[in-house]
Amino acid sequence: MSNKKHKQKNQNKKLTPVQQDYKKLSDKHEPKRPVFSNCIRAFLVGGLICLIGECIRQAFIHYGGFDEKKAGDPTVAVLILISVVITSLGFYDKIAQWAGAGTAVPVTGFANSMASSAIEHRREGIVLGIGTGMFKLAGSVIVFGTVAAFVIALIHLLFIPGSTGGS
């Protein structure tokens, strides 16, 4: 028996027969989720965000005098700035509603969530509102990133002989 059917069977045990009949009827009329079109939208928007990022990176290389390796840092900064501005104008949420997971591209998605949290908590003050609200989200991401980096560095140190961690 599949997990979904097992879970549904357990839920139905708690319902009266009339409630079970109503649940079956409502489940039958529930609209199907458009999974394929959602995937296409996410792919298109995520790809567009990455394309914009690559265009910005190429502009830094060709017009800003950066080499390919160093052009990534200002590119990330510009993407964060664009994301925060679009979030503050209220457009990012509309795009995210349409595109779903496509807007969760790490840099812009994280910048959006930080800016959204700051906007949401601004009435509570700078420290207790904006600062605390933003870092409820960012704290876990920073801790996870730090721990993951430590574990990967440890694995690298243990399994790659003669490695010092530097370039």
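Trainee: Let's start with the second largest pocket: which residues line it?
Mentor: Keep in mind that this is a predicted model. The pocket's volume is about 210 Å³. Its lining consists of Val45, Leu48, Ile49, Ile52, Leu79, Ile82, Ser83, Ile86, Tyr92, Ile95 and Thr108.

Trainee: Which helices each supply at least two residues of that lining?
Mentor: The chain has seven helices and zero strands to pick from. Isoleucine 49 and isoleucine 52 are in one of the contributing helices, H3, and leucine 79 is in another, H4. The helices that each give at least two lining residues are H3 (35–63), H4 (72–88) and H5 (91–99).

Trainee: How many charged residues does the lining of the second largest pocket have?
Mentor: Go through the lining by class. Nine of the residues are nonpolar and two are polar. Ser83 and Thr108 are in the lining, and both count as polar because neither is on the nonpolar or the charged list. As for charged residues, the count is no charged residues.

Trainee: Is leucine 79 buried or exposed?
Mentor: Leucine 79 sits in helix H4 and is one of the pocket-lining residues. The cut-off for buried is under 20% relative accessible area. Leucine 79 comes in at 13%, so the label is buried.

Trainee: Which residues does leucine 79 contact, leaving aside neighbours within four places in sequence?
Mentor: Start with threonine 108, which is 29 residues away in sequence but 6.3 Å away in space, C-alpha to C-alpha. Threonine 108 is on the contact list, and Ile52 from helix H3 is there too.

Trainee: How far apart are the C-alpha atoms of isoleucine 49 and threonine 108?
Mentor: Isoleucine 49 belongs to helix H3 and counts as buried at 16% relative accessibility. Leaving aside neighbours within four places, isoleucine 49 is in contact with Gly102, Thr103, Val105 and Thr108. Isoleucine 49 and threonine 108 are 59 residues apart along the chain, and their C-alpha atoms are separated by 8.2 Å.

Trainee: How many aromatic pairs does a search of the whole structure find, and of which kind?
Mentor: The search finds one aromatic pair. The rings of phenylalanine 60 and phenylalanine 66 have centres 5.5 Å apart and planes at 85 degrees. Phenylalanine 66 is partly exposed at 32% relative accessibility. Planes over 60 degrees apart pass the cut-off, so this pair is edge-to-face.

Trainee: Zooming out, how much of the chain is buried?
Mentor: The accessible surface of the protein chain comes to about 12,900 Å², and 68% of that belongs to carbon and sulfur atoms. Among contacts with a separation of 6 or more, 46% join residues 24 or more positions apart. Out of 167 residues, the buried share is 20%.

Technical notes:
Residues are numbered from 1 along each chain as its sequence is written. This is a predicted model: local features need pLDDT of at least 70, side-chain atom pairs count only at pLDDT 80 or more; totals for chains, interfaces and linings use all residues. Side-chain values use heavy atoms; hydrogens and water are left out. Helices (H or I, at least four residues) and strands (E, at least two) are DSSP runs, numbered from the N terminus. Buried means under 20% relative accessible area, exposed over 50%, partly exposed in between (1.4 Å probe, protein chains only). Contact means heavy atoms within 4.5 Å. Accessible areas come from the Shrake-Rupley method with a 1.4 Å probe; for residues, only the protein chains shown count as cover. On a 1 Å grid over the protein atoms alone, a cavity is a set of points where a 1.4 Å probe fits but cannot get out, and a pocket is an open set with protein on both sides within 12 Å along at least five of seven lines; lining residues have an atom within 4 Å of a point. Grid points are joined across faces, edges and corners, and a volume is the space filled by probe spheres set on the points. Rings of Phe, Tyr and Trp (its six-membered ring) pair if their centres lie within 6.5 Å; planes under 30 degrees apart count as stacked, over 60 as edge-to-face and the rest as tilted.
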